[in-house]
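The tour moves stop by stop.

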Amino acid sequence: MTVRILQNPWRLLLAINAAVIVGVFIHKIQLPPYVPYIHLLVDYHFGFIKRALIGAVVALFTDKVPVWLVFALGGATWLVTSALYAKLFQKTFGFSARTLPLFVFIAGSPFFLKNFMHTLGHFDIYGCALAIILLLMPAGSLLFVATAALFSIVLVLIHHIHLLMYVPTIITIVVIRHYLTHGCNRTNIAFGSVALAVVSALFFAAQFLGTMPIPEADFVAYLKGRMADPARTDLLQFAYIWYQPLAKEVADTWGRLPHNILGVPVFALLIWLHTPLWRYLARLIGALASETHRRLVVAALVGISLAYVVMFAMVFDYSRWISNWAVCMFLILHAVRMLPAARETELIPAEDRKTNIFGLILTLIPRVGIVRPF
């Protein structure tokens, strides 16, 4: 029995991942919900401002925001995202002994669900969830393109950095699932171009016109009025981000760079541990029936990666950015699998010793973190 488990440990690794996620959740609820909490307080009371959509939605249901709502809303979003991904994997690959290693490498990656649990309440997961929905829904009509545009608008209103974080992945999914699969014509090209222009204009409006228009002291006083416990002033320490210009964010990021750059070797190691998964993605791309499709997919992967390079230069939450970059790669893998292929692609082997070791190490890593590794 022990020999069989060592040779084919994927069911055990899946169970260990579930236990690790529970542990991460228990640890998370013991930490102060600083930024996620203040995002639930900020709304459009003073006009159009950045990072206010979630708070505006919360304001429709309650005037006073308790701290536990961060964990309730974040936990519900995590559960929905996990269920959506399970549905996506079932649709794309199916669940079987052959596909279990692939599922463990993706769903059990410290970049993905485990790190989303660690960053519970942050806005990153919304981009992932909406991208998964686009991978699940029919893509043959302009309704698909319109839905993608609407999702992108929602994400930019949640936080404008989504234009770099998940909108490029959404664009890639639309190109792969609609334009490459169902063809291009004047109507859908014009519609897509207008949608992209609207999303881009909204980003610039949020970035440069979305600053809070009142003094910070008045803003903090308003936030206290929305808190269920106004005595918890420690939860308002990040109110300054609604006043911070882009130049200041970039300056702060470069000021922290000498220290934060020390985490790059760790990120490189974590990416290397996913080598069986990256090799499978490369084989998928190589097996595509169309050379044009292969080139466009590679160009899209480069474009998504360059967007994250820009993020690295602007905002210093490096662990979050590298984790979401990996999640985008996972989602593109599913999109590529939906394109016509010239041949069947060999899955990640279930009984390869090196692959098993990499899977075990990734399983035991609980999360990547927010700013610095772990």
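Start with the rings: the structure holds 22 aromatic pairs. Rings of Phe, Tyr and Trp (its six-membered ring) pair if their centres lie within 6.5 Å. Select Tyr85, Phe89, Phe93, Phe95, Phe103, Phe112, Phe116, Trp278, Tyr280, Trp325 and Phe330; ring pairs join them into a cluster.

A note before going on. This is a predicted model: local features need pLDDT of at least 70, side-chain atom pairs count only at pLDDT 80 or more, and totals for chains, interfaces and linings use all residues. Residues are numbered from 1 along each chain as its sequence is written, and side-chain values use heavy atoms, without hydrogens or water.

Next, charges over rings (NZ of Lys or CZ of Arg within 6 Å of the ring centre and within 35 degrees of the ring normal). Select Arg256: its charged end sits over the ring of Phe316, 3.9 Å from the centre. Then pick Arg51, which lies over the face of Trp242 at 5.9 Å from the ring centre.

Move to helix H6, residues 100-107. Helices are DSSP runs (H or I, at least four residues), numbered from the N terminus. Eight of the eight residues of H6 are buried, meaning under 20% relative accessible area with a 1.4 Å probe, protein chains only. Among them are Leu100, Phe103 and Ile106.

Last stop: Lys114, in helix H7 (residues 113-118). Which side chain of opposite charge is nearest to Lys114? Asp124, 17 Å away; Lys114 is buried and has no salt bridge (a side-chain nitrogen of Lys or Arg within 4 Å of a carboxyl oxygen of Asp or Glu). Now show the backbone oxygen of Gly108: a polar atom of the Lys114 side chain lies 2.9 Å from that oxygen.

Terms used
Helices (H or I, at least four residues) and strands (E, at least two) are DSSP runs, numbered from the N terminus. Buried means under 20% relative accessible area, exposed over 50%, partly exposed in between (1.4 Å probe, protein chains only). Lys and Arg count as positive and Asp and Glu as negative; His and the chain ends are not counted. A polar contact is a pair of N or O atoms within 3.5 Å; within protein, one must be able to donate a hydrogen and the other to accept it, and residues adjacent in sequence count only if both atoms are side-chain atoms. Rings of Phe, Tyr and Trp (its six-membered ring) pair if their centres lie within 6.5 Å; planes under 30 degrees apart count as stacked, over 60 as edge-to-face and the rest as tilted.
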